[in-house]
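The sequence and the model are shown first.

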Amino acid sequence: MLKKFWIVCLFLSLLPESGKTQEPATIRVKRESNLVKVVFDNTDYRLMAVDRFGNPRENKVTFYRLFVKTGKETAEFTGYGNGLTGEMINYLKKQKKASKLFFTEITVKDDDEHLVKLPDVIEPWFPDCKNCERGK
C-alpha cells in the first residue's frame, strides 16, 4: 500500500499544475557591436574604427574629445569627424617635445547607423625633428 502511495505521489508531481502555468519570463537580447575600438593614424591625422577581428573599418566618427598633455599644460579640442581639425593639427605640429594624446568620449556610427560608444585611446605624439630641441 505504501508503495502504491509513493507511485501516485510521483505521478501527481510530474503532472503540470494549472495554477503554475505562466508565460515565460521576458528574454532580453543585447545587441553586440562589431566595432571594438578606434586607432589613431598619425600619418593621415585621422581616427579609424577597428572591428572585433582587427580589421580597419571606414565607419564615421561622430564625436570625440582630444586632450593634448604636454609637460606644462593640457589643451582640449572637440572633433566631429574622422579627421583632426586644422586647429588640432597646427597645435600638434608646433610641439617641440613628445606629448600624449587622449581621445575620449568617442562615438561612432556602426553599419546600421546606430551610435556606438567606444573606449578611450591614449597615443604618444612625437614632433617633427625640425622642431626638436637638440641635446648637447
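## Overall composition

Of the 136 residues in the chain, 30% are buried. The model is a predicted one. The chain holds two helices and eight strands, and from the N terminus its elements follow the order α-β-β-β-β-β-α-β-β-β.

Contacts between residues at least 6 apart in sequence were also examined by separation; 47% of them join residues at least 24 apart.

## The three-stranded sheet

Strands E1, E2 and E3 form an open sheet in the order E1-E2-E3, with antiparallel pairing. E1 and strand E3 (56–57) are the edge strands, and each has a single partner strand, so one side of each lacks a neighbour in the sheet.

The antiparallel pairing of E2 with E3 extends over two bridges. Val50 has Pro56 in E3 as its bridge partner.

## The E4–E5 hairpin

E4 and E5 are joined by a hairpin through four residues, and the two strands pair in the antiparallel sense over six bridges. Within this pairing, Tyr64 is bridged to Gly79 of E5.

In a regular strand, side chains alternate between the two faces of the sheet. E5 shows a covered face made of Ala75, Phe77 and Gly79, while Thr74, Glu76 and Thr78 lie on the uncovered face.

Helix H2 spans residues 86–93, and its buried residues are Met88, Ile89, Tyr91 and Leu92. These residues lie on the same side of H2, because they cover an arc of only 160 degrees around the axis. An α-helix has 3.6 residues a turn, so residues three or four places apart point the same way.

## The nonpolar core

The largest nonpolar core comprises 25 residues, and Tyr64, Leu66, Leu84 and Phe103 have the most contacts inside it. At least two residues of this core come from each of strand E1 (35–41), strand E2 (46–51), E4, E5, H2, E6, strand E7 (115–118) and E8.

Leu66 illustrates these contacts. Apart from its neighbours within four places in sequence, Leu66 is in contact with Ala75, Glu76, Phe77, Leu84, Met88, Leu101, Phe102 and Phe103.

## Aromatic pairs

Five aromatic pairs are found in a search of the whole structure. In one of them, the ring centres of Phe63 and Tyr80 are 5.6 Å apart and the planes are at 55 degrees, so the pair is classed as tilted. This pair links distant parts of the chain, with Phe63 in strand E4 and Tyr80 in the loop between E5 and H2, 17 residues apart.

The two partners have contrasting accessibility. Phe63 has a relative accessible area of 19% and is therefore buried, whereas Tyr80 counts as exposed at 58% relative accessibility. Elsewhere, ring pairs link Phe40, Tyr64 and Phe103 into a cluster; Tyr64 and Phe103 are also among the residues with the most contacts inside the largest nonpolar core.

Asn82 lies in the loop between E5 and H2. With a relative accessible area of 12%, Asn82 is buried, because the cut-off for this class is under 20%.

What does the side chain of Asn82 reach at 2.8 Å? The atom in question is the backbone nitrogen of Val61. Beyond its neighbours within four places in sequence, Asn82 is in contact with Tyr45, Arg46, Leu47, Asn59, Lys60 and Val61.

## Lys100 in strand E6

Lys100 is located in strand E6. Its relative accessible area is 45%, and Lys100 is therefore partly exposed.

Lys100 and Glu123 are 23 residues apart in sequence, while their C-alpha atoms are 5.8 Å apart in space. With neighbours within four places in sequence set aside, the contacts of Lys100 are Phe67, Val68, Lys69, Ile122 and Glu123.

How values were computed. Residues are numbered from 1 along each chain as its sequence is written. This is a predicted model: local features need pLDDT of at least 70, side-chain atom pairs count only at pLDDT 80 or more; totals for chains, interfaces and linings use all residues. Side-chain values use heavy atoms; hydrogens and water are left out. Buried means under 20% relative accessible area, exposed over 50%, partly exposed in between (1.4 Å probe, protein chains only). The arc is that of the directions from the helix axis to the C-beta atoms. Two strands pair if DSSP finds at least two bridges between them. A polar contact is a pair of N or O atoms within 3.5 Å; within protein, one must be able to donate a hydrogen and the other to accept it, and residues adjacent in sequence count only if both atoms are side-chain atoms. Contact means heavy atoms within 4.5 Å. Rings of Phe, Tyr and Trp (its six-membered ring) pair if their centres lie within 6.5 Å; planes under 30 degrees apart count as stacked, over 60 as edge-to-face and the rest as tilted. A nonpolar core is a set of buried Ala, Val, Leu, Ile, Met, Phe, Trp, Tyr and Cys residues joined through side-chain atoms within 4.5 Å.
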